[in-house]
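Dear colleague,

Please find below the structure that I am handing over to you. My findings follow directly after it.

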Amino acid sequence: KKDVLIHVCGLQLMDPDEDQEPIEIVVPGQYYFRNGNHYLRYEEMMDDTKVPTVNYIKMSAQGVEIRKQGQVNVHMVFEQGKKNMTLYSTPFGTLQMGIAATGVELKEDDDNIHLKVDYALDMNEEHVADCYLTVQAQSRDSEGFTL
């Protein structure tokens, strides 16, 4: 288990003709490796409340799982070529989401792990966006630390 800095970047392309800015955060977190899987854990503040949302990311060659617990609650599963359904619970209500991963790429070396996921997002059985998510985690003690 080690302390890492985690850079998360995501974009949902709802209108291909419109320029959209990705959502990015850089947060401290923890990394550990167990049973052939890479795990990341970090907290983020979703709004003005003092309640953090805890994020867990599990990565392997088979796919990626992301769990959020707190202001929003969701368990998203990304497996290449497969559509997974989940419920996304917010303080304003719950939505049914479908996630169909079109690309999952995981690169790792001694002090760095990089994940990129491309996926199609459905809400209530309707395609709403083509999305991507990148996650980079780097050991805070690594010499070449960059974001």
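In strand 4, Tyr-56 is the bridge partner of Arg-41. Strand 3 (residues 37–45) and strand 4 (residues 52–60) pair in the antiparallel sense over eight bridges, and they form a hairpin with six residues between them. Strands here are DSSP runs (E, at least two residues) numbered from the N terminus, and two of them pair if DSSP finds at least two bridges between them.

Please note that this is a predicted model, in which local features need pLDDT of at least 70, side-chain atom pairs count only at pLDDT 80 or more, and totals for chains, interfaces and linings use all residues. Residues are numbered from 1 along each chain as its sequence is written, and side-chain values use heavy atoms, with hydrogens and water left out.

Strand 4 also pairs with strand 5 (residues 63–69), in the antiparallel sense and over seven bridges. A hairpin of two residues joins strand 4 to strand 5, and Asn-55 has Lys-68 in strand 5 as its bridge partner.

These strands belong to an open sheet of 10 strands with antiparallel pairing, in the order 6-5-4-3-2-1-10-9-8-7. Its edge strands, each pairing on one side only, are strand 6 (74–78) and strand 7 (83–90). Elsewhere in the sheet, strand 9 (residues 112–123) and strand 10 (residues 126–139) pair over 12 bridges, and Ile-113 stands opposite Ala-137 in strand 10.

There are two aromatic pairs (rings of Phe, Tyr and Trp, its six-membered ring, with centres within 6.5 Å; planes under 30 degrees apart count as stacked, over 60 as edge-to-face and the rest as tilted). Tyr-32 and Tyr-39 are stacked, at 5.0 Å centre to centre and 10 degrees between the planes. The rings of Phe-78 and Tyr-119 have centres 5.0 Å apart and planes at 70 degrees, so this pair is edge-to-face. The pair links distant parts of the chain, since Phe-78 lies in strand 6 and Tyr-119 in strand 9, 41 residues apart. Both Phe-78 and Tyr-119 are buried (under 20% relative accessible area, with a 1.4 Å probe and protein chains only).

Finally, the largest pocket is lined by 29 residues, and Tyr-119 is among those nearest its centre, as is Lys-68. A pocket is an open set of points on a 1 Å grid over the protein atoms alone, where a 1.4 Å probe fits, with protein on both sides within 12 Å along at least five of seven lines; lining residues have an atom within 4 Å of a point. Strand 1 (residues 2–13) gives the largest share of this lining, five residues.

Yours sincerely

Key:
Helices (H or I, at least four residues) and strands (E, at least two) are DSSP runs, numbered from the N terminus. Buried means under 20% relative accessible area, exposed over 50%, partly exposed in between (1.4 Å probe, protein chains only).
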